[in-house]
Amino acid sequence: MYSQSPSSNGSFMQEQDLLKSILADLRRTSREYTTATTEASCPMTRRMFTDLTNDTLRLQGELFNLMQQNNMYSVSSKALRQDVDKQIQSAQQAQQKCQQFIQEKNTQNSSYSQAPNVPHHQPNYGNPYYM
Amino acid sequence: MQNHTMQALSPKELNYIADSITNEELLIKQCAATASITHNPQIQQALNHYVRSHEQHLNTLVNALQQHQSLAPAQVSN
């Protein structure tokens, strides 16, 4: 971008480019915090990374909205109706297949175990008074 | 383990904290630099708020390192 408006003369980068760069870094940082959360073994560290993930996502969303309000972020084109319809169709098929699969596994499971002829035993470790 | 919520850091966790400190430092500098050149008061206010938020993140990360300092072993153990 060499043909900038005169107002950008003398500045290192245009404001809009700097804001886009910050937005991109917030996106990358929130991704890295998410990865760090899933790989943390110390509960305290996991808690910290979870909080940092949430806070960074919030800041990223705020900046995105602010840039959109100031016409600094062009909204990308819209997905076509026919493409959305196609995805809905295949998603519904996937849902059906999942339900079939679960049913198959449940029937297989119950064919190995007989129905109990005694009432279900309540485990005493699950006593709510001790939880 | 006496304290159930705090364990010694793994090398991976240490690296993630170090990388995060670099990220936060970069974000603080970018937000402060952009706030200094903008003529839009709304954006300037938001950026100054982001500087403070990222400073808080940086503090949190440095505190986490300090809190785990005494739990770190001096030698590699199995």
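**Entry 1: confidence**

I began with chain A, which averages a pLDDT of 85, with 76% of the residues scoring at least 70. I noted that pLDDT is the predictor's confidence in each residue, from 0 to 100. This is a predicted model, where local features need pLDDT of at least 70, side-chain atom pairs count only at pLDDT 80 or more, and totals for chains, interfaces and linings use all residues. Residues are numbered from 1 along each chain as its sequence is written, while chains are lettered from A and ligands numbered from 1 in the order in which they are written.

Next I looked at the helices of chain A. Confidence is highest in helix 1 of chain A, at 97, and lowest in helix 3 (residues 81-112) of chain A, at a mean of 93. Over residues 1-8 of chain A the pLDDT is below 50, and beyond near neighbours in sequence this stretch has two contacts in the model. I count two residues as in contact if their C-beta atoms, placed from the backbone, lie within 7 Å. Where pLDDT is low, the predicted coordinates should not be read in detail.

Then I checked chain B. Its mean pLDDT is 92, and 94% of its residues reach 70 or more. For the model I wrote down ipTM 0.90 and pTM 0.77.

**Entry 2: the helices of chain A**

I found three helices and zero strands in chain A. Along the sequence the pattern reads α-α-α. Helices (H or I, at least four residues) and strands (E, at least two) are DSSP runs, numbered from the N terminus.

I tested the helix lengths. The expected span is 1.5 Å times one less than the number of residues. Helix 1 of chain A has 25 residues and should span 36 Å; its end C-alpha atoms are 36 Å apart, so the two agree. Helix 2 of chain A has 27 residues and should span 39 Å, and its end C-alpha atoms are 39 Å apart, which agrees. After helix 2 of chain A comes Asn71(A), with a positive phi near 55°.

Of the 131 residues of chain A, 13% count as buried.

In helix 1 of chain A, the buried residues include Leu18(A), Ile22(A) and Tyr33(A). They pack against helix 2 of chain A together with helix 1 of chain B. In helix 2 of chain A, the buried residues include Met48(A), Phe49(A) and Leu59(A). Their packing partners are helix 1 (15-39) of chain A together with helix 1 and helix 2 of chain B.

Why does Arg27(A) count as partly exposed? Arg27(A) counts so because it has 15 C-beta neighbours inside 10 Å. Arg27(A) sits in helix 1 of chain A. Arg27(A) and Gln60(A) are 33 residues apart in sequence and 6.7 Å apart in space, C-alpha to C-alpha.

**Entry 3: where the chains meet**

The contact takes 26 residues from chain B and 25 residues from chain A. On the chain B side, helix 1 (11-37) and helix 2 (41-69) of chain B each give two or more residues. The largest share, 12 residues, comes from helix 1 of chain B. By class, this side has 11 nonpolar, 12 polar and three charged residues. Ala, Val, Leu, Ile, Met, Phe, Trp, Tyr, Cys and Pro count as nonpolar, Asp, Glu, Lys and Arg as charged, and the others, Gly among them, as polar.

I also looked at helix 2 of chain B. Its buried residues include Ile43(B), Leu47(B) and His54(B). What covers them includes helix 2 (43-69) of chain A together with helix 1 of chain B.

**Entry 4: the cores**

A nonpolar core is a set of buried Ala, Val, Leu, Ile, Met, Phe, Trp, Tyr and Cys residues joined through C-beta atoms within 7 Å. The largest has 12 residues, among them Leu26(A), Leu63(A), Leu27(B) and Tyr50(B). Helix 1 and helix 2 of chain A and helix 1 and helix 2 of chain B each supply at least two residues of this core. Apart from this core lies another, of 10 residues, including Tyr16(B) and Leu61(B).

How values were computed
Buried ≥ 20, exposed ≤ 12 C-beta atoms within 10 Å, placed from the backbone.
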